[in-house]
Amino acid sequence: MSTESATPLLELVGIRAGYGTIDVLHGVDLRVMPGQVYALLGPNGAGKTTTLGVASGQIQPHAGSVLLDGHEVNGVSPDSLARAGVCLIPEGRGIFPNLTVAENLRMCTYAGVSYKQVQERSFAQFPRLQERRNQMAGTLSGGEQQMLAMSRAMATDPALLMLDELSMGLAPIIVEELYEQVATLAEAGLSILIVEQFAQAVLGVANEAAIMLHGRIQRTGPPEEIAEELTAAYLGMS
Amino acid sequence: MILGLRPPVALAALLAAVAAVIIAVFNWKGAPVTSETFLVTTYIGLFLGALWAMYATGLVVVYTTTGVFNFAQGAIGVFAAFLYWELHVNRGWHSILALFVVVGMFAPALGVMLDIVIMRRLRTASLVVQLMVTVAIMVLLLSVVGDIWEADTPRRVPYLFGIENGIDLGPSQLPWHRLIVFLAAIAIAVAMRFLLRRTRIGTAMRAVVDNRELAALNGARPNVVSSTSWALGSMLGALGGILIAPELGLDPATLNNVVIIAFAAAAFGALRNLPMAVVGAMLIGLLRAHTGAWLDFGPDYRFAHLSIAPLILLFVVVALPQARLEVGRLAHHLRRHERFTKWWEGLIGCGVIILLAVAFSGGWLDFGIWDPGAWGSRELNSANEAMAFALIGLSLVPLIGWAGQINFAPLAFAGFGAFVYLKLAGDTGNGYWILLVGLLCAPLGALVALPAARLRGLYLALMTMAFAQAMSLIFFPHSWVLPTIGVGRQFPHIELLGATFDDRRGFFLLMVCIFAIFVFGLVLLRRSRYGRRWMAINDSQAAAATLGIPVVWTKVVVYAVSAAMAGIAGVFWATVSGNVDSVQGFDLLIGFNIVLLVAAAGVSIPVAGIFLIFIPLFTGLGHRLEDAGNVDFLVTLLDILTTYGPGMLVLGMVFNPRGAIFEMGRGFSPILPWRSDARAEIAAENAQKREPEIGELGLERPFTPEEVIAIDRRLGILDDVVPKEGYGASRS
């Protein structure tokens, strides 16, 4: 691929990180090239979410480097990274439940875009949000909440988008709808790092995939191949 | 729905209205109602309402933007008012300059400091700790004010633009100050509403309360946003204090109590709704002004018009729908490291308590350089007061410490106990009636528990506070309840087991014995089925309910037990001096101090209650020190400790939420010969802390980073990536 020679947009080198004294990641190496859609797959407790936590600045690694576009960003706060264009949609509805839909969207403007643009784009993508703009976000349905969370990705023109278990607890049709949006973003050239437990959801979108197990990346490769191996990995046969 | 209200609320409102009409009819003063007097009264009511609205706005803003209900909001106002007086009156600065310095510079600095030093660490604390810490800040701020500006000088904060300048309103003159206060209150409420709902920073303030991590992922700086919230809240409190001080006078307690009225107003808006909070404040203001003008409650109910705010608070809290009450965020509960105290350990503890008390008061102790000697009447007087205080505090151990139910009304229960005893035993002083006092106080506790059973955390705190206020404003001042007598003791010396406890030391030791019995009872209770249930509902009511624990009944029982203990303690509290000031004797501020002490002790450990015994012991010792004369330093130290001690202890909870006693116990218990488990625990902890030494690993020098990589590669932890420099060396 032509992207091989370019600087990776996100690069993790030998990352060791965890919570308190317990290490979850034991040396994670990962590269997301510009324009790439990278799917990080793996079972519960493999360290996928922790990896995103490190990449977004929420968790400070004990060792290793986080590089954004070639610059080391270890120790940079998550809010600075967010303003610099790193957009993480966390798992389990990344919304403010006690704020209205419109107020949730207003929070997106911290990424440096105008409120008008945020509203225009998200309402264009998800008309249902416009209908419910003055409703408390916590009272939306699960799918609507995930749309609201996703609209931050649509509206703020991030440099790097990270999605954590977008499909969790949602009906398949809504998952499909959401991944259509992700595909649109990918076509526009956005670099995306997707974390999922189940490969099926991301196969159509990703052009690179990796299996994560026990805090390490076990294998990287084309999504189709990786998906086949995933079953084996889940059953503990790798 | 009736008039937009749910049927139970509508019914309650109707009953309250009927009760209000009946009260009004029976207490009508008979003053002529003219349009003039009516209008003037209304002006006054609206003005009072505006003052309270300002405080209520501060409370609501702080609560919505920080998630903490700040009991210290009023105390910040008190501090600001005194500082303003100092600058403006004492130092002669221009009022605008002084106002700017206090509200624009000092207050935000105080708010930011509170956030950085304290509030930031409270984020994951339990609601009890959060509440206690803000109460501690309140008590500390008031103590500081009392220390800097001593009460002996009369002070007045002048009205802005003077009292005599204003608009002529026909029947009366409206001073500029009052007009400004009224307009400022409305303007501030509108501005805050706009800020919270229509601006990005306001949205971010609320967003940070909702989900701090997500706010950061959005690009907001959570720490900056929180500090801004605290600065803003502090400014609102300061402005309120300065504007209200000319009306109420510069008295810390009076000024601080305003905040309780503001609590009622804030509760009226369900603590988050600003417009409704302002409406609530105006309503209370109008009710206060009009009852003052038209009603006369007679000498027995002379404080009844002051009880409007607590009554409204009670009413609102009881009428609030259940769903609204799920306040307080998910607290990260600490894992318990509790070991059941064995019954014989409790017995030994009680023996030690009694022995200590006998030794201290009898002057058996000799500290080498200083022999305090036996206590005289002054020491015994103070020690007796403190001992009764400790007894009341002990009643809170099962309630706050185990069941996690907040109660600011221990003194109200104690006062009720004293009242019951007075009616039962009369002037005989027959001590056997005390047992019946406990039985009769229990139903009152159960009664309070009934609304409390559906309330949680914050509202529970507010409700017990309102209950305590209502009791001390309506019940205790009634001449039939605690009749004042000219000469002699209202509460005669207690007669028990054929002895009359009329000498102070005997009475002190009697109380110590009661204390020891209570402690022993608590040790047994903690080991009982109820002890376990209380702990269970503290951890998770939902989980307790699914286990088949009747949550409501369990709460009713713990309140009843606590009320019974407090009631018995109240008898001693009253008998110490023999005469109880029916107005001040059961004051809420004293109650706050008791609650603080108990909370700081870390009451979840049953034996922690024992710690309370040291209050009377050291109080007595302090006086001996004073008499010794040449130990001024120690006396000052003790003075500082008694003034600031409870507050400081609670602030300690910020850093160690398990309470001071817990840590002391951990240090102390390994000394006990039978506690090999404690020694083992400490040893295990130390072993964990210690890094293995090089020699132990069979090495002569530490690994170099290259070697670490080589090992990792061998173990398959590190693949084929060339490490960045420094990797491996920074491994922790």
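Modeller: Two strands pair if DSSP finds at least two bridges between them. Strands (E, at least two residues) and helices (H or I, at least four) are DSSP runs, numbered from the N terminus. This is a predicted model, where local features need pLDDT of at least 70, side-chain atom pairs count only at pLDDT 80 or more, and totals for chains, interfaces and linings use all residues. Residues are numbered from 1 along each chain as its sequence is written, while chains are lettered from A and ligands numbered from 1 in the order in which they are written.

Start with one pair of strands. In chain A, strand E3 (residues 37–41) and strand E9 (residues 208–213) run parallel and share 4 bridges. Leu41(A) has Ile211(A) of E9(A) as its bridge partner.

Now widen the view. E3 and E9 belong to an open sheet of 6 strands in chain A, in the order E6-E7-E8-E3-E9-E10. Its pairing is mixed. Strand E6 (86–89) and strand E10 (216–221) of chain A are the edge strands, and each pairs on one side only. From one strand to the next, the twist averages 15 degrees.

Next come the helices. Axes are lines fitted to C-alpha atoms, for helices over the stretch in contact, and angles run from 0 to 180 degrees between N-to-C directions. Two residues are in contact if their C-beta atoms, placed from the backbone, lie within 7 Å. Helix H6 (residues 142–155) of chain A lies across E6 and strand E7 (160–164). H6(A) runs at about 170 degrees to E6(A). Helix H7 (residues 172–187) of chain A lies across E3, E7 and strand E8 (191–196). The angle of H7(A) to E8(A) is about 150 degrees.

The two helices also meet each other. Two packed helices are described by the angle between their axes and the distance between the axes. For H6(A) and H7(A), the angle is about 5 degrees and the axes are 11 Å apart. H6(A) is therefore roughly parallel to H7(A). Angles under 35 degrees count as roughly parallel, over 145 as roughly antiparallel, 65 to 115 as roughly perpendicular and the rest as oblique.

Which residues make that contact? From H6(A) come Gly143(A), Gln146(A), Met150(A), Ala153(A) and Met154(A). From H7(A) come Ile174(A), Leu178(A), Gln181(A) and Leu185(A). The contact of H6(A) with H7(A) has 6 nonpolar, 3 polar and no charged residues. Here Ala, Val, Leu, Ile, Met, Phe, Trp, Tyr, Cys and Pro count as nonpolar, Asp, Glu, Lys and Arg as charged, and the others, Gly among them, as polar.

Chain A has other paired strands too. Strand E1 (residues 10–19) and strand E4 (residues 63–68) of chain A run antiparallel, joined by 5 bridges. Glu11(A) stands opposite Leu67(A) in E4(A). E4(A) also pairs with strand E5 (residues 71–72) of chain A, in the antiparallel sense over 2 bridges. There, Leu67(A) has Glu72(A) as its bridge partner. E4(A) and E5(A) form a hairpin with 2 residues between them. Asp69(A) in the turn has a positive phi of about 50 degrees.

Last, the predictor's own score. The complex gets an ipTM of 0.92 and a pTM of 0.83.
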